[in-house]
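Good morning, and thank you for coming. I would like to take you through one model this morning, one chain at a time. Please look at the display as I speak.

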Amino acid sequence: MTTTITLTDGSTEDAPVPAEKRDDSSPLLDIKDLRISFTTATGTVEAVRGVDLTVYPGQSVAIVGESGSGKSTTAHAIIDLLPGTGKVTGGSITFGGRELVGLKRREVEDLRGREIGLVPQDPMSNLNPVWRIGTQIDEALVANGFQGSKAERTARVAELLGEAGLPDAARRARQFPHEFSGGMRQRALIAIGLASRPKLLIADEPTSALDVTVQKKILDHLEGLTAELGTAVLFITHDLGLAAERAEHLVVMYKGKVVESGPALQILKDPQHEYTKRLVASAPSLASRRIQSAHARGTEAEDLLAEHADESATAAPDVVVAKDLTKVFHIRGSRPGAHTDFTAVDSIDFALPKGRTLALVGESGSGKSTAANMVLGLLEPTSGTVQFDGKDVATMSAKEQFALRRRVQPVFQNPYGSLDPTYSIFRSIEEPLALHRVGDRKSREKRVRELLDMVSLPQATMRRFPNELSGGQRQRIAIARALALKPEVLVLDEAVSALDVLVQAQILTLLNDLQAELGLSFLFITHDLAVVRQIADLVAVMKDGRIVEHATTDEVFDNPQQEYTRDLLAAIPGASLEIGA
Amino acid sequence: MLWYLGRRLLQVIPVFIGATLLLYALVFLRPGDPVAALGGERGLPEAVQQQIRAQFHLDQPFFVQYLYFLKGIFTFDLGNTFTGRPVSEVVADALPITFQLAIMALLIETVFGIGFGLFAGLRKGKLFDSTVLVLSLLLIALPTFVTGLVLQIVVGVQLDWLPVTAGRDPDVVSLLMPAVVLATTSFAQILRLTRTSVIENVTADFVRTARAKGLSRGRVVNRHVLRNSLIPVVTFIGVDLGNLMTGSIVTEGIFNINGVGGTLFDAISRGESVTIVTMSTVIVLVYIVANLLVDLLYAVLDPRIRYA
């Protein structure tokens with residue numbers, strides 16, 4: 001499979017028809033002044049406010065923006081799949097010269113799949129769990145007028161799955177979605193999207209739910225496949241690095257408007273709009289080459305950097321030491337008595353020095369979260385020890401362990417899930433204080449105010465509820481709650497993975513500042529190497545329950561020793577782009 | 001799968017012993033002497049009472065009585081009721097009618113409940129949906145004897161469409177009205193359950209994907225919305241089958257049907273422990289089997305569930 005693609009300069013904003021290649025071709029998709037509104041209880045909300053977008057046959061275009069920017073809404077409007085009360089209120093969408101706004105239901109149904117395919121965002125929820133994979137692809141064939149017997153269709157389904165890069169496709173087609181990994185499901189979804197050879201494929205964050213290495217493989221494959229078939233691709237993504245790497249032409253959206261559009265590299269090198277500049281500056285995948293930018297906040301932060309550079313990380317005493325840590329899970333088998341042992345964490349050693357950040361990096365299933373849970377005392381190690389300030393946690397009395405919880409606090413990935421929706425923000429932050437009987441009600445309230453200041457949220461926030469806050473604000477609350485008991489160690493389990501890039505950058509900066517201010521030690525669990533470079537001093541790369549590489553961040557990035565680490569580094573989107581060169 | 005089936009079937013044994021023992025103990029402990037009550041106002045001569053007690057082993061200690069009952073079960077000879085009919089015959093007479101009634105009610109509530117629920121769920125917030133929601137609430141709130149009597153008067157007497165009561169050896173037509181009455185509450189519940197489930201599934205990501213594939217609206221609803229929505233409904237139906245068996249006591253009373261309900265009621269008032277326990281045990285067994293079937297059906301509907 002060839003994956004190389006020449007980065008031709010696409011159209012620019014002023015001259016929508018590119019000079020050389022596409023002189024004679026008319027646009028495949030042409031969106032003009034598109035407006036989309038949602039009706040809510042409080043009135044009409046305009047989500048898309050005058051968007052212009054052009055895609056030529058065979059071209060790849062990416063819409064980049066944060067959540068709520070209207071990028072997905074725009075894409076879904078093309079095939080009339082707006083959720084809920086969403087409605088196109090103005091403008092036009094023409095596809096191959098045909099107006100799509102106001103088409104009848106049947107006409108749109110004919111268009112979907114056959115002319116315009118969709119690869120949706122989350123592979124876990126986008127396949128119907130009750131039907132076989134093959135059946136779900138077969139449906140797409142039947143619906144789009146594939147002529148052929150059942151046997152021919154079955155053969156075609158296997159062909160399509162194989163084409164999407166799934167080995168052993170004929171057997172796989174008879175399996176159910178839950179028997180597939182995330183990457184495999186995404187391949188199945190790609191097979192569905194391309195089943196009827198559409199002229200345009202809308203790829204809505206097709207890989208944002210996947211591990212980086214899987215992401216890279218799938219995007220490479222998709223790129224090769226669409227290039228071969230001559231399919232135009234409309235990417236929707238929040239990741240500027242990924243967009244620039246995968247698309248010829250970028251469209252940056254912000255609050256329902258296109259703020260900038262043009263050839264991908266040009267936008268990256270020379271962003272014009274204020275928002276694009278911020279986006280370029282904080283894209284983690286791009287920042288990995290300019291690590292200091294996130295740190296460089298005033299002289300204080302620079303001092304910290306200098307200090308980091310000078311000192312070898314081992315100089316500080318270790319707060320948390322894991323020795324030979326192992327966790328084995330028993331998995332129930334198909335018959336009574338038949339069970340298998342699964343070693344999630346396989347005798348790993350690591351040490352977290354005081355005031356430093358150790359990143360545990362790995363793909364899903366590598367055992368990094370299991371390790372974190374053992375450090376937190378939420379899981380009991382099968383063997384090996386976790387030492388805290390030189391004392392084995394396992395030998396501590398229940399009372400000592402309770403006291404230990406004050407000193408080690410977690411922040412989890414999903415701020416939507418980790419805050420109780422029925423608790424006010426005040427109650428959420430106060431709970432650990434009340435639980436550990438710290439102070440009286442009055443002093444606790446003072447502490448909550450203090451904590452809100454610390455995470456840069458207005459104090460009035462404490463009377464509100466989680467559903468009134470954005471993802472970034474919620475994660476700040478989760479951090480404030482973790483800091484309530486003045487812990488020494490924070491275990492951050494994918495704490496920024498669910499956030500938009502700009503918010504992610506803010507939270508990382510906040511964590512960085514807090515570390516300098518309070519002398520915290522971070523155990524940072526992540527799958528995202530790009531983020532690691534921005535925050536970590538030490539890196540431990542995990543694979544299949546083992547630590548395959550353990551060194552300082554610079555060493556790992558500049559001189560990776562293991563093949564696996566190199567794969568991970570190469571998979572960071574945008575890694576191959578040379579910006580500012 | 002076979003392991004699972006075997007294990008589930010093995011569970012029947014302790015449930016059977018537990019249920020019969022418990023029921024037997026309850027009947028044993030009930031106050032009053034059923035034999036003494038047989039003679040009514042005048043009472044029976046002491047000698048006759050003794051003879052009856054001996055015949056039904058009522059002069060024996062509790063566990064001996066219970067063992068006699070078990071022996072009767074396994075030798076298919078449960079003895080006679082006080083009136084002289086074999087217990088097995090009484091049970092065999094009553095069961096099929098109740099069973100037929102329960103199945104009819106089940107069909108009515110499933111077909112209409114799922115149908116209306118689907119329709120309402122797809123038109124969430126529209127007139128049909130709101131109307132059906134209010135009406136279903138009303139149906140849940142109405143006790144069976146009210147709906148039963150109202151239907152008897154309106155459909156049976158005034159319109160004269162269906163027989164007012166079922167009587168002996170009822171046919172399908174005369175069981176129709178009781179079945180409707182029996183199904184009412186569950187129908188409303190299935191409707192609401194289906195509606196909620198459909199509303200949830202309509203906005204599911206995989207439904208959007210199905211639409212994006214180019215499937216027609218009908219196919220999307222059939223293959224992706226309805227089937228997924230049925231999973232919680234099936235669970236409810238399993239539990240409900242048991243309720244239909246026992247819940248028919250009131251309905252059978254209203255429509256004068258000689259099913260399990262009526263027979264059980266008579267047996268309880270006469271204190272015929274063997275009849276009570278046998279009848280109740282049969283209901284318990286039906287309940288167990290129905291739930292096993294539902295669990296198996298569940299695995300058919302949702303391939304993620306594999307029994308091991």
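The secondary structure of chain B in this predicted model consists of 13 helices and zero strands. Followed along the sequence, the pattern of chain B is accordingly written α-α-α-α-α-α-α-α-α-α-α-α-α. Along the principal axes, the C-alpha atoms of chain B occupy a box of roughly 85 × 55 × 30 Å. Chain B has 308 residues, and 33% of them count as buried. Of the contacts in chain B with a separation of 6 or more, 72% are between residues 24 or more positions apart.

The unreviewed entry lists "transmembrane region" for residues 12-29, 97-120, 132-155, 175-193 and 274-301 of chain B.

I turn now to chain A. Chain A contains 22 helices and 20 strands. Its length is 581 residues, of which buried residues make up 48%. If we take the contacts in chain A between residues at least 6 apart in sequence, 70% of them join residues at least 24 apart.

In what order do its strands lie? Six strands of chain A form an open sheet, in the order S6-S7-S8-S3-S9-S10, with mixed pairing. At the edges stand strand S6 (116-119) and strand S10 (257-263) of chain A; each has a single partner strand, so one side of each is left without a neighbour in the sheet. From one strand to the next, the twist averages 15 degrees.

Within this sheet, strand S3 (residues 60-64) and strand S8 (residues 232-237) of chain A pair in the parallel sense, over five bridges. In that region Ile63(A) stands opposite Ile236(A), a residue of S8(A).

Two helices lie across strands of the sheet. Helix H6 (residues 182-194) of chain A lies across S6 and strand S7 (200-204), and runs at about 170 degrees to S6(A). Helix H10 (residues 274-282) of chain A lies across strand S9 (249-254) and S10, and its angle to S9(A) is about 110 degrees.

How do the two chains meet? In the model, 29 residues of chain A are in contact with 23 residues of chain B. Helix H2 (105-111) and helix H3 (133-143) of chain A each supply at least two residues of the side of chain A that touches chain B. By residue type, that side of chain A divides into 13 nonpolar, seven polar and nine charged residues.

I close with the confidence of the prediction for chain A. The average pLDDT of chain A is 82, and 87% of the residues score at least 70. Confidence in chain A is highest in S6(A), at 93, and lowest in helix H12 (residues 292-295), at a mean of 38. The pLDDT is below 50 over residues 1-23 of chain A, a stretch that has 31 contacts in the model beyond near neighbours in sequence. Over residues 287-314 of chain A the pLDDT also stays under 50, and the model has 31 contacts beyond four places in sequence for this stretch. Where pLDDT is low, the predicted coordinates should not be read in detail.

Terms used:
Residues numbered from 1 in each chain as written. Chains lettered and ligands numbered in written order. Predicted model: local features only at pLDDT ≥ 70, side-chain atom pairs only at ≥ 80, totals over all residues. Pairing = 2+ DSSP bridges. Helix = DSSP H or I, 4+ residues; strand = E, 2+ residues; numbered from the N terminus. Axes fitted to C-alpha atoms, helices over the stretch in contact; angles between N-to-C directions. Contact = placed C-beta atoms within 7 Å. UniProt positions renumbered as here; feature names shortened; annotations may be inferred. Buried ≥ 20, exposed ≤ 12 C-beta atoms within 10 Å, placed from the backbone. Nonpolar A, V, L, I, M, F, W, Y, C, P; charged D, E, K, R; others polar. pLDDT = per-residue confidence, 0-100.
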